[in-house]
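Student: I would like to learn how to read the features of a structure. Can we go through them one by one?

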Amino acid sequence: MTAPIAPTQGYAFAYLDEQTKRMIRRAILKAVAIPGHQVPFASRDMPMPYGWGTGGIQVTAAILGPSDVLKVIDQGADDTTNAVSIRAFFRKTAGVATTTRTAEATVIQTRHRIPETPLRAGQTLVYQVPIPEPLRFLEPRETETRVMHALADYGLMHVKLYEDIAEHGHIAKTYAYPVRVEGRYVMDPSPIPKFDNPKMHMSPALQLFGAGREKRIYALPPFTKVESLDFDDHPFEPTRFDAPCALCGATDGYLDEVVTDDRGGRMFVCSDTDHCETRREAGHRGALLAAEDPAGGATARPEIAEDLP
Amino acid sequence: MTATAPLLEARGLAKWYGDRLGCRDVSFDIREGEVLAVVGESGSGKSTLLSMLSGRLAPSAGSVVYRLRDGSTRDLADLSEAERRHLFRTDWGFVHQDARDGLRMGVSAGGNVGERLMAVGARHYGEIRAKAADWLDRVEIDVSRIDEKPTAFSGGMRQRLQIARNLVTAPRLVFMDEPTGGLDVSVQARLLDLLRRLVADMGLAVVVVTHDLAVARLLSDRIMVMRGGRVIEAGLTDRVLDDPREAYTQLLVASILQP
């Protein structure tokens, strides 16, 4: 964990001005009060392109306090460009402490994953959302989708799932798998793998979703019921993996396939880098590391430079 | 509520599009199992009337009262949007002239038939599929084509698929807007045959709008002739077609081509 520093002069705390943060907080409060309901907000231009997490950044900026500890992940990894840049951005403009360890963080901004380490009460998970409307590709009219949400008229969503089974024999949607919140609103959980869907159910952490381009915020308060949509005779199944992680041997995580050479070699590794490193620190060895280093033993976590020039 | 109480009562219906008249002074009853044909030339107000009856267009004057399955009667204007949608996908059907308006062209035949079931809460894939297959069979579509999209179907098949999609929830009242329009004569005959059988089997009440008097003759018990937005003649189909009283109706009947 890096210690808090003095933020760069000339910026409001966490970049956004106080009036904007109040506006976003009001939207967040409304979203928390109506779980799964999309609340419009006056999304601002951010110093980065749409699609890079402008919605998530605005939500994070609105909820961040000086004593928070921030973690940012992209595809589960702390060391990818997007994650490093967003973390450095808040380090610079808010001076908050940052970490790569899930357990230490109070605010976690994420794209595509929910950390493997179970979240606890007091933590907030902020999702970057590209398309907040789960009915978007089924019903193109926004006026109509709003009426459908208002009337809980979600038969069309099941027509989509029916088509999947008719065509593929199973529900083929593997990410952004639609969920029903507290038996009421159908929600797009952002493009997380369906592997992560069960983690949203009854989570003790607050989950906030920000879509910058689409100007929508929605939320799951702690301990909210979240069911993945399915049929009685084709129940929801999270993705399963045949192989353990090649580096840490974990069998409980979501794995990325990594091509290792141009002769068809590949390995499966944890997508959650913190989970993988924590396990390796504790001495766990996957097949690849065990072959390289038969003696075994704990490895040190690689340091990630936090303070960019 | 007695068995003879009307299913739907229209009283003094009128629709003005600004200064232009859509239709006016239309009053009639439909009872369960009764087929009413509305005939007239283009622009006579048939489609306006159908839109008002089915609650898709608000009338400028008059009312439409419908008797729900629980026996209570409701004015369509007083239904909430949620009630209206529910009625539309359970107790009512609407067969469009162009099947593309009534079908989801990007969804398979089975999905099209199953949509209403899923909209009212069916969540068992096997049962939805079995019911869809049964209905495809009943409208004489080969069950092996259940996973094909309507884009791969002929015009007559699309129309039959549209009918299956509407009847799957066993509605009591079906609106049809030129159901045989744009089909060739032999396909029309087969479709009419099928409709007659389904209407008789299910005891459906039907309001069918058509400009084709042969369709009215084959399907309907009663007929309303419209011209310039008004009903000019109404009565039993055989009586009106065999012994038309109004000059315009006589003209309509006389202009049927005899091969």
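Tutor: Start with a term: buried means under 20% relative accessible area, exposed means over 50%, and partly exposed is in between, with a 1.4 Å probe and protein chains only. Helices (H or I, at least four residues) and strands (E, at least two) are DSSP runs, numbered from the N terminus. This is a predicted model, in which local features need pLDDT of at least 70, side-chain atom pairs count only at pLDDT 80 or more, and totals for chains, interfaces and linings use all residues. Residues are numbered from 1 along each chain as its sequence is written, chains are lettered from A and ligands numbered from 1 in the order in which they are written, and side-chain values use heavy atoms, with hydrogens and water left out.

Student: Which residues of α7(B) are exposed, and which are buried?

Tutor: B:Ser186, B:Asp193, B:Ala200 and B:Asp201 are exposed. The buried residues of α7(B) are B:Gln188, B:Leu191, B:Leu192, B:Leu194, B:Leu195, B:Leu198 and B:Val199. Seen down the axis of α7(B), these buried residues fall within an arc of 165°, so they line one face of the helix. The arc is taken from the directions from the helix axis to the C-beta atoms.

Student: Why do residues three or four places apart point the same way?

Tutor: An α-helix has 3.6 residues a turn, so residues three or four places apart point the same way.

Student: What do the buried residues of α7(B) pack against?

Tutor: They pack against β3 (35-39), α5 (125-138), α6 (155-167), β7 (173-177), β8 (205-210) and α8 (213-219) of chain B. Contact here means heavy atoms within 4.5 Å. Just after α7(B), B:Gly203 takes a positive phi of about 65°.

Student: Which residues of α1(A) are buried?

Tutor: A:Thr20, A:Lys21, A:Met23, A:Ile24, A:Ala27, A:Ile28 and A:Ala31 are the buried ones. Down the axis of α1(A) they fall within an arc of 160°, so they line one face of the helix. On the other side, A:Gln19, A:Arg26, A:Leu29 and A:Ala33 are exposed. The N-terminal end of α1(A) is capped by A:Asp17, with a side-chain oxygen 3.3 Å from the backbone nitrogen of A:Gln19.

Student: Now strands. How do side chains alternate in a regular strand?

Tutor: In a regular strand they alternate between the two faces of the sheet. In β3(B), five of its five residues are buried. B:Val35, B:Ala37 and B:Val39 point one way, while B:Leu36 and B:Val38 point the other way.

Student: Which strand does β3(B) join by five bridges, and which by four?

Tutor: Two strands pair if DSSP finds at least two bridges between them. Five bridges join β3(B) to β8(B), and the two run parallel. B:Leu36 stands opposite B:Val207 in β8(B). Four bridges pair β3(B) with β9 (residues 222-227) of chain B, also in the parallel sense. There, the bridge partner of B:Val39 is B:Val225.

Student: In what order do the four strands of the open sheet in chain B stand?

Tutor: The order is β2-β1-β4-β5, and the pairing is antiparallel. Its edge strands are β2 (20-30) and β5 (73-75) of chain B, each pairing on one side only. Strand β1 (residues 8-17) of chain B and β2(B) pair over seven bridges. B:Trp16 stands opposite B:Leu21 in β2(B).

Student: Finally, where is A:Asp78, and is A:Asp78 buried or exposed?

Tutor: A:Asp78 is in the loop between β2 (69-74) and α3 (81-94) of chain A. At 2% relative accessibility, A:Asp78 counts as buried. A polar contact of 3.1 Å joins its side chain to that of A:Lys71. A polar contact is a pair of N or O atoms within 3.5 Å; within protein, one must be able to donate a hydrogen and the other to accept it, and residues adjacent in sequence count only if both atoms are side-chain atoms.
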